[in-house]
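Hello,

Here is the structure we talked about. My notes on what turned up in it follow below.

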Amino acid sequence: MNQWKNFTKGFIKENPVFVLLLGMCPTLGTTGTAINGLGMGLATTFVLVMSNLVVSLIKNLIPDKVRIPAFIVVIATFVTIVEMVMQAYLPSLYESLGLFIPLIVVNCIVLGRAEAFASKNTITSSVIDGLGIGFGFAFALTILGSVRELLGSGKLFDITIYPEDYGMLVFILAPGAFIALGYIIALINRMNKKNA
Amino acid sequence: MAKLESSFKNMVISLFGVTLIASAALGLVNDVTEGPIAQTELKKQKMALAAVLPEFDHLGDVIKVLPKDAADSVEIYPAYGADGEEIASAVKTYTYSGFSGYIEVMVGIDDVGEITGFQVLKHAETPGLGSKMDDWFGNTEKTGQSVIGRSFPNGGLSVSKDGGGVDAITAATITSRAFLDALNRAHRCLNNAWDTDSNSGATQQIDQNASDDDLASSEQ
């Protein structure tokens, strides 16, 4: 498979958030600000790349009947590593993401890529797939986080663009996440249609 | 290499192997991050103390007071000036009545009973509403809503909706009540610790008395 295509498909064509609509729980839960979205996206990317790497390494050593528990153990290990490292070196991000870090374990994107891609492909293409999908996820979360932060509190990456009093509070809350996500998906669908 | 067959032996061995390696890896990472995590916590505590207290020379020993109506103890950090006089105390207090439960606050109270500063340490309040506690109650330009410089009236601080003198955060009255509840708890525990300190001075006694009094004056 063409590796470059393998990498870029995660951004637009198979973007996990905007096109596949996977991983909605962290998507809606952590994108209150752009920086939180970016942090969550990069943490997930790390887990995705590492678990894809390990799963494709050990795919022949794992009997089919126990593959799901084995994959979950691998994923959970990397999630715990991310959690501990983040707690030690990025405490403020760790606090704002809170519960959503351990929840990466059950993120369907991560298990989905391990099951559908890494367990059937070579190590190199699995890592590249993980990078592509991971960056696609991080990209989507950052976009959504930026839109919500800008409309909700008048800031972008914590830099004030306009006074907070004019912000629409709803965009910080969960309903705003749905509204913003809906409009972004509509926009992307329109762009994809034009290209086709 | 061919895929391993799903025989019982193979499954047991492969799962055991995966979990063994995973736990070894986690142990290793834990060893590395344990120190930095503890240091970050300590630094956070120190920064919170410096933020809520007026200038002080040194801190005294931590006094733990256990209120009877709750399982967690309140921590009191007495601060002394250069001449050894106690000038204020920082109290790590908490409440369970936040909109999303637990809120932990560090609050500084000086020797005449006025609040010198506070910092919310832990909370899970709604972003954009209850999460504004730090900005709202710390805004000294708006005297109606700021708690800094206030002293505790009989029966504790309460929001204006409940007949008190503090303006609640717009659209977050529950959070505001909870926040003041945490401050009142700090004040009660601090008073009890001081009272007993002058009477007996024994830490054991402090715990006992504080919990009784705390219960007696607990909110209705």
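In this predicted model, Asn107(A) touches Gly23(A), Pro26(A), Thr44(A) and Phe137(A), leaving aside residues up to four places away in sequence. Asn107(A) sits in the loop that runs between helix 5 (91–97) and helix 6 (108–118) of chain A. Its relative accessibility is 4%, under the 20% limit, so Asn107(A) counts as buried.

Next, the aromatic rings. Over all chains, the structure holds 10 aromatic pairs. One of them is Phe7(A) with Phe135(A), an edge-to-face pair with 6.4 Å centre to centre and 80° between the planes. This pair links distant parts of the chain: Phe7(A) belongs to helix 1 (residues 3–8) of chain A and Phe135(A) to helix 7 (residues 123–153) of chain A, 128 residues apart. Phe135(A) is partly exposed, at 31% relative accessibility. Both residues are also part of one aromatic cluster, formed by Trp4(A), Phe7(A), Phe11(A), Phe135(A) and Phe139(A).

In chain B, the rings of Tyr94(B) and Tyr102(B) are stacked, because their planes are at 20°, with the centres 6.1 Å apart. Tyr94(B) is buried at a relative accessible area of 2%, while Tyr102(B) is partly exposed at 28% relative accessibility. Arg185(B) lies over the face of Tyr94(B), 4.7 Å from the ring centre.

Last, a helix. Helix 1 (residues 8–52) of chain B has 45 residues and spans 62 Å from its first C-alpha to its last, close to the 66 Å expected at 1.5 Å a residue. Helix 1 of chain B bends by about 40° at Thr33(B), and Pro36(B) follows within four residues.

Regards

Note on methods
Residues numbered from 1 in each chain as written. Chains lettered and ligands numbered in written order. Predicted model: local features only at pLDDT ≥ 70, side-chain atom pairs only at ≥ 80, totals over all residues. Heavy atoms only, no water. Helix = DSSP H or I, 4+ residues; strand = E, 2+ residues; numbered from the N terminus. Buried < 20%, exposed > 50% of the residue type's maximum accessible area, 1.4 Å probe, protein only. Contact = heavy atoms within 4.5 Å. Expected span 1.5 Å × (residues − 1). Bend = angle between axes of the 7 residues up to and from the residue. Phe/Tyr/Trp six-rings, centres within 6.5 Å; stacked < 30°, edge-to-face > 60°. Lys NZ or Arg CZ within 6 Å of the ring centre and 35° of its normal.
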